[in-house]
Amino acid sequence: MKINRFEDLECWREAKELTRNIYEFTKRTEFSKDFRLAGQMTGAAISIMNNICEGFDAQSNNEFVRFLNYSRRSCSEVQNCLYVALDQNYIAGDEFQSTYNHCVKVRKIIDGLIRYLKRHQRNRPRSKAVGHPKDQPAQRAKRAQPAP
């Protein structure tokens, strides 16, 4: 599958589903009264999505990786908040575990994308362009010339 927009990224789609689930929890009567935790948790979940999106529009793979690392940290923040929500009886044990595991899944997908971006950064000429080397005609022409 060709990735043309951030919505095509599996990690973004999974983060969106995770965010939807977090919002379902925080709408519950008792949970919604805990403004600090509800805001922290929803903010961290949104941050996962936002950083994937922002990184996608970065000018280099290195910059994209930087934003993906922010997304990873936000996954950990959501997991930490899940412990507080569980301790306060805002969520049940099975909800905690499935959402915690969903965070692990999102992080693994992000890690895979990070590995891919790092691997392909080494294999292409230095450029600010995010696209394929074929999108950089000057570099392609230079590579096509025989070595002296």
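Residues 123-130 keep a pLDDT under 50, and the model gives this stretch 19 contacts beyond four places in sequence. Here pLDDT is the predictor's confidence in each residue, from 0 to 100, and a contact means heavy atoms within 4.5 Å. This is a predicted model, in which local features need pLDDT of at least 70 and side-chain atom pairs count only at pLDDT 80 or more, while totals for chains, interfaces and linings use all residues. Residues are numbered from 1 along each chain as its sequence is written, and side-chain values use heavy atoms, with hydrogens and water left out.

**Confidence**

- Residues 132-144 also have a pLDDT below 50. Beyond near neighbours in sequence, this stretch has 11 contacts in the model.
- The average pLDDT of the protein is 87. A score of at least 70 is reached by 81% of the residues.
- Among the elements, helix H6 (residues 137-144) has the lowest mean pLDDT, 48. Helix H1 has the highest, 98.
- Where pLDDT is low, the predicted coordinates should not be read in detail.

**Overall build**

- The protein has 6 helices and 0 strands. Helices (H or I, at least four residues) and strands (E, at least two) are DSSP runs, numbered from the N terminus.
- Along the sequence the pattern reads α-α-α-α-α-α.
- Of the 148 residues, 38% count as buried. Buried means under 20% relative accessible area, exposed over 50%, and partly exposed in between (1.4 Å probe, protein chains only).
- Take the contacts between residues at least 6 apart in sequence: 67% of them join residues at least 24 apart.
- The protein exposes about 9200 Å². Carbon and sulfur atoms supply 50% of that area. Accessible areas come from the Shrake-Rupley method with a 1.4 Å probe; for residues, only the protein chains shown count as cover.

**Helix H1**

- H1 covers residues 10-26, which is 17 residues. From first C-alpha to last it reaches 25 Å, close to the 24 Å expected at 1.5 Å a residue. The expected span is 1.5 Å times one less than the number of residues.
- Its buried residues include Cys 11, Trp 12, Leu 18, Ile 22 and Phe 25.
- Seen down the axis of H1, the buried residues fall within an arc of 160 degrees, so they line one face of the helix. The arc is that of the directions from the helix axis to the C-beta atoms.

**Cysteines**

- The structure holds 0 disulfides. A disulfide is a pair of cysteine sulfur atoms within 2.5 Å.
- For Cys 11, the closest cysteine sulfur is in Cys 75, 9.4 Å away and too far for a bond. Cys 11 is buried, at 2% relative accessibility.
- Cys 103 is in no disulfide either. Its nearest cysteine sulfur, that of Cys 75, is 5.5 Å away. Cys 103 is buried, at 0% relative accessibility.
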